[in-house]
Amino acid sequence: MVNPWKDYIKLSTVLMGSHGLTKGSLAFLNYPAQIMFKSAKVLPVMVMGAFVPGLRRKYPPHEYISAVLLVAGLILFTLADAQTSPNFSVIGVLMISGALIMDSFVGNYQEAIFKSNPNTTQMEMLYCSTIVGFPILFVAMIVTGELKIAWPACAQHPYVYGVLVFEACATFVGQVSVLSLVAIFGAATTTMITTARKAVTLLLSYLIFTKPLTEQHGTGLLLMSMCIIMKMLPDNKPPQPRPQKILPLQQTEKPRDPEVNRFQIGTDEEEEKRPLV
């Protein structure tokens with residue numbers, strides 16, 4: 001462990017708030033609407049990255065345009081989903097908006113930790129941020145009574161334990177991959193990659209559960225696809241030539257062999273005294 005515990009306590013607090021609001025919003029929003037809201041977190045992540053100490057990131061114009069397209073697609077999809085979904089609620093929108101704000105802190109704070117201490121590993125980041133939040137969530141489950149309800153329910157259906165173990169393993173692999181992306185490419189690029197993954201999840205949700213998909217839904221998804229394509233565009237920056245280091249003449253001359261110099265003493269002086277013809 002190379003970072004102080006106070007960094008992971010701050011990170012874990014924001015992370016728990018984000019996950020709690022995200023899961024709680026499912027009581028008021030259907031899953032595709034929640035996915036689209038979560039996909040818009042790239043914009044607050046980019047904005048917050050310009051103010052986080054140690055980052056001060058500046059993004060090219062096409063990345064801001066792609067973020068605007070993403071938000072526009074989100075608005076179109078949300079308006080269409082409000083007409084077809086019976087679980088759409090203002091409370092759910094407020095909860096998922098709070099989760100977006102916390103997500104903007106999570107990604108940039110993780111990137112700041114990686115940049116401030118390059119020796120930080122993905123395993124340390126994942127373990128420390130999880131172990132801090134575990135006792136807090138355990139106490140919350142006891143206070144709310146969810147533990148008494150969940151434990152007997154899982155005992156009646158033993159296959160749930162296998163599902164939980166599989167989900168934990170898959171989450172571990174996914175979190176390590178996401179942290180690797182944050183350490184190498186930054187928070188904004190990682191958010192765009194997870195957005196593409198959520199778009200696939202959204203389409204599978206409509207195909208499996210046969211939910212009504214309108215033209216407005218399709219327009220929102222099209223704008224999201226344009227956003228992802230613009231993010232993939234390379235930066236058209238001309239390559240800057242590297243400054244060549246000019247060595248002084250004394251360093252560019254090859255050193256003479258001492259054996260040769262021994263037999264050539266006075267040769268230069270004799271050359272100067274010789275006649276031209």
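Helices, as named in this report, are DSSP runs of H or I with at least four residues, numbered from the N terminus. The model is predicted.

**Nonpolar patch.** On the surface, a nonpolar patch is formed by Met1, Trp5, Ile9, Tyr127 and Ile131, and together these residues have about 550 Å² of accessible area. Helix H1 and helix H6 (122-144) each contribute at least two residues to this patch.

**Aromatic pairs.** Trp5, a member of the patch, lies in helix H1. The whole structure contains 2 aromatic pairs. One of them joins Trp5 and Tyr8 in an edge-to-face arrangement, with 6.4 Å from centre to centre and 70 degrees between the planes. Trp5 and Tyr8 are 3 residues apart in helix H1 (residues 5-24), so about one helical turn separates them.

| Residue | Relative accessible area | Class |
|---|---|---|
| Trp5 | 42% | partly exposed |
| Tyr8 | 0% | buried |
| Cys128 | 3% | buried |
| Cys169 | 46% | partly exposed |

**Cysteines.** How many disulfides does the count come to? With a disulfide taken as a pair of cysteine sulfur atoms within 2.5 Å, the count is 0 disulfides. Cys128 is buried, with a relative accessible area of 3%, while Cys169 is partly exposed, at 46%.

Definitions and conventions: Residues are numbered from 1 along each chain as its sequence is written. This is a predicted model: local features need pLDDT of at least 70, side-chain atom pairs count only at pLDDT 80 or more; totals for chains, interfaces and linings use all residues. Side-chain values use heavy atoms; hydrogens and water are left out. Buried means under 20% relative accessible area, exposed over 50%, partly exposed in between (1.4 Å probe, protein chains only). Rings of Phe, Tyr and Trp (its six-membered ring) pair if their centres lie within 6.5 Å; planes under 30 degrees apart count as stacked, over 60 as edge-to-face and the rest as tilted. Patches are made of residues with over 30% relative accessible area and no salt bridge: like charges are joined within 9 Å, nonpolar side chains (Val, Leu, Ile, Met, Phe, Trp, Tyr) within 5 Å. Accessible areas come from the Shrake-Rupley method with a 1.4 Å probe; for residues, only the protein chains shown count as cover. A salt bridge is a side-chain nitrogen of Lys or Arg within 4 Å of a carboxyl oxygen of Asp or Glu.
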